[in-house]
Amino acid sequence: MAPAAPHTTDRAARSCTSCHATTKALGYGTQDGRYLKQYTQGVFVDIMNEKGQLVTKTAKLQISPIPDLPMDLDQVVTREGEQVQSVGQHWPLSGPLTKDQRDHMERIGVCLSCHKDIPTGAFVYRVISVVGTNLGLIPKTDAEHQKLIARAMFIAANLEIFGFPILALIVVAGIYLARRKRQRAQ
Ligand code: HEC
Ligand code: HEC
């Protein structure tokens with residue numbers, strides 16, 4: 001957002017997910033701007049039921065309603081792409097990330113892309129999981145998990161690129177051999 005912000009420098013680099021899976025970094029505000037969304041209605045802090053409705057009659061406003069502030073203070077852009085406040089106006093090129101960049105970047109479902117099926121989905125995943133568990137191969141640390149995913153992707157990429165040509169080669173060789181056998185038999 002802001003092209004130069006000296007107080008973001010640190011010895012340790014930020015994690016990938018601190019941008020790619022964080023709505024605040026994407027510009028949508030903390031927890032998708034939910035944190036303080038109800039400025040327009042004002043904020044009460046008193047005894048409430050499980051639905052968030054006040055159960056006392058003596059509750060007083062903690063924050064008075066602000067009718068013209070419909071969004072959380074750290075939201076700069078809506079999901080629909082409407083910019084709701086200015087950012088980094090000292091620098092000519094600064095602003096919220098474009099919709100294209102935000103869509104390109106957001107990766108909140110990354111774990112689920114595998115783990116909605118692993119380890120209890122398709123047959124092969126169950127086999128791998130049971131065998132892996134019994135052999136003590138289930139990744140325990142982040143480093144082990146990274147190594148596992150890297151290996152799986154390497155195998156998958158090789159299969160994507162070389163799988164079809166190798167299959168085609170086997171089929172062609174099979175047809176050739178079958179023909180030769182028939183010719184010899186004649
Ligand atoms: C400070 C925030 C930030 C951090 C931290 C960050 N990224 Fe990004 N990343 C971005 C932004 C913004 C884009 C989109 C840029 C664009 O589309 O112009 C992006 C784009 C990408 C892309 C797509 C690149 C392309 O050209 O298609 C990949 C892959 C990526 N990031 C991986 C990572 C990985 C891996 C890490 C951690 C090692 C990481 N990012 C850390 C902000 C971040
Ligand atoms: C490319 C696929 C893939 C992605 C993406 C992925 N994982 Fe995994 N993960 C696996 C596989 C394969 C295993 C090992 C098989 C198993 O645990 O049943 C595993 C194992 C694990 C385990 C150990 C499970 C156990 O039984 O102890 C945890 C925890 C885990 N993953 C968390 C995550 C998290 C958190 C993310 C996202 C940040 C993630 N994974 C993303 C493939 C993936």
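Modeller: Start at Tyr 125, which sits in helix 5. Helices here are DSSP runs of H or I with at least four residues, strands are runs of E with at least two, and both are numbered from the N terminus. A word on the source: this is a predicted model, in which local features need pLDDT of at least 70 and side-chain atom pairs count only at pLDDT 80 or more, while totals for chains, interfaces and linings use all residues. Residues are numbered from 1 along each chain as its sequence is written, and chains are lettered from A and ligands numbered from 1 in the order in which they are written.

Tyr 125 counts as partly exposed, because it has 15 C-beta neighbours inside 10 Å. The scale runs on other C-beta atoms within 10 Å, placed from the backbone: 20 or more is buried, 12 or fewer is exposed, and anything in between is partly exposed. Setting aside neighbours within four places in sequence, Tyr 125 touches Asp 117, Ile 118 and Pro 119. Contact means that the two C-beta atoms, placed from the backbone, lie within 7 Å.

The peptide bond from Ile 118 to Pro 119 is cis, with omega near 10°. Most peptide bonds are trans, and most residues other than glycine have a negative phi. Pro 119 belongs to the loop between helix 4 and helix 5.

The expected span is 1.5 Å times one less than the number of residues. Helix 5 is hardly covered, with a buried count of zero. Gly 136 follows helix 5, and its phi is positive, near 70°.

Nonpolar means Ala, Val, Leu, Ile, Met, Phe, Trp, Tyr, Cys and Pro; charged means Asp, Glu, Lys and Arg; the others, Gly among them, are polar.

Follow the chain on into helix 6. Its 44 residues should span 64 Å at 1.5 Å a residue, and the end C-alpha atoms are 61 Å apart, which agrees. Helix 6 has a kink of about 45° at Phe 162, shortly before Pro 165. That bend is the angle between axes fitted to the seven residues ending there and the seven starting there. None of the 44 residues is buried, so helix 6 lies largely in the open. Lys 147 is part of helix 6 and is exposed, with 12 other C-beta atoms within 10 Å. Lys 147 and Met 71 are 76 residues apart in sequence and 42 Å apart in space, C-alpha to C-alpha.

Step back to ligand 1 for comparison. Its shell consists of Arg 14, Cys 16, Ser 18, Cys 19, His 20, Ala 25, Leu 97, Gln 101, His 104 and Met 105. Helix 1 (17–20) and helix 3 (99–105) are the elements that give two or more of these residues. Five are nonpolar, four polar and one charged.

Last, the whole chain. It has six helices and two strands, in the order α-α-β-β-α-α-α-α. The radius of gyration is 28 Å, well over the 16 Å that the globule rule gives for 186 residues, so the chain is more spread out than a compact globule. That radius is taken over C-alpha atoms, and the rule is 2.2 Å times the number of residues to the power 0.38. The C-alpha atoms fill a box of roughly 100 × 45 × 35 Å along the principal axes. Buried residues make up 5% of the 186.

Notes
A residue is near a molecule or strand if its C-beta atom, placed from the backbone, lies within 6 Å of it.
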